[in-house]
Amino acid sequence: MTNTRGSNLICLRSRDLQNTDVLGNSGRLVLQQPIIANSNEKLYVCVMSATFPNSWYNLSSYLNNNTISFKETSDSSFKVITLEEGSYNIDELMLEIKTKLQSNSTNSLTYTLTYNEIKNSVNITHSNTSSITTNIDFTNINSCRRTLGFLSSIKTIDNSTTSITSDRAVDITDTYNSIYIRLPNLSNQKVITSTNGRYSNIVAHIPVPLSRNTIFTYEPQKPFCMELNQKNITAIEVAITFQDEEKRVHFGKGDWEINLLIEYRLNMEKEAPPHTIHKNLLRQMKNYEKKQIQDNKHIQDIKQLIKNKK
């Protein structure tokens with residue numbers, strides 16, 4: 001598609017934006033001069049590069065994944081244990097869960113959690129399976145089950161089932177393994193997400209490397225350029241979320257940067273000429289009258305021809 005003139009490079013830094021929320025994931029830049037497309041142009045926006053801190057926790061109350069619920073023999077009900085929020089690897093998470101289970105064990109059990117890297121699974125058992133039954137409830141909405149690799153169900157450890165093992169892949173990110181750059185005030189009809197099947201304001205999807213407390217960059221070889229509906233941009237709003245638009249990334253006030261390219265491209269769509277029923281009827285009447293004149297002239301020519309032959 002043809003660019004009609006030079007593009008605008010907009011360099012955004014989170015600390016410079018207005019109305020950045022307490023999580024540090026959104027803000028607004030008001031342009032001193034608006035970006036305006038001519039009548040024969042369309043505006044496009046591309047994310048050329050971005051830099052983010054991998055500073056959010058993979059286990060937290062904000063992500064609804066920092067509890068484990070269990071019940072032992074002699075317990076009247078399940079105990080819901082809150083795990084310490086933080087950024088864990090699988091070994092650290094298993095140690096945290098082991099510590100909390102043991103400190104809340106009615107029967108003074110010793111729990112053992114083992115990670116199998118080859119199978120990407122976790123096995124859980126305890127020290128007295130012959131006499132004590134433990135039920136672990138992974139149906140709790142705030143459960144850490146996905147990080148341990150369990151489906152939503154209640155698992156039992158007893159004398160017949162002396163241990164339980166993951167029945168899905170261990171995912172220490174709890175599926176929060178990508179972030180999305182959104183421009184809420186710039187509308188389009190080109191991006192659709194599987195979350196709801198509707199048009200979205202996403203302009204970039206960025207996979208997150210499994211490296212906590214570091215900086216990661218996004219520099220696509222071929223950036224996606226989103227066609228905008230509007231022809232006038234006076235401000236740019238930015239929000240960094242997970243795929244669920246309502247779930248913003250908790251950067252812990254860490255700074256991030258984004259470079260946007262705004263392009264002017266030739267509008268290849270031809271506008272339909274004005275059309276009304278009244279004008280259409282007039283045109284048909286004129287065509288009919290013209291045809292009548294031509295038919296009458298043709299009849300007169302034939303009559304003249306016949307007369308000349310007599």
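Predicted model: local features only at pLDDT ≥ 70, side-chain atom pairs only at ≥ 80, totals over all residues.
Let me begin with a term: a charge sits over a ring if NZ of Lys or CZ of Arg is within 6 Å of the ring centre and within 35 degrees of the ring normal. By that rule Lys247 lies over the face of Tyr62, 5.0 Å from the ring centre, and the charged end of Arg265 sits over the ring of Tyr44, at 4.3 Å from its centre.

Residues are numbered from 1 along each chain as its sequence is written, and side-chain values use heavy atoms, with hydrogens and water left out.

Turning to ring pairs, a search of the whole structure finds 9 aromatic pairs, where rings of Phe, Tyr and Trp (its six-membered ring) pair if their centres lie within 6.5 Å, and planes under 30 degrees apart count as stacked, over 60 as edge-to-face and the rest as tilted. Trp56 and Phe242 form an edge-to-face pair, 6.1 Å centre to centre with 80° between the planes. Trp56 counts as buried because its relative accessibility is 7%, buried meaning under 20% relative accessible area with a 1.4 Å probe and protein chains only. Both residues belong to a cluster linked by ring pairs, which also includes Phe52 and Trp256.

Finally, what does Phe52 touch, leaving aside its neighbours within four places in sequence? Taking contact as heavy atoms within 4.5 Å, the partners of Phe52 include Ile179, Ile181, Phe216, Ile240 and Ile258.

Note on methods
Buried < 20%, exposed > 50% of the residue type's maximum accessible area, 1.4 Å probe, protein only.
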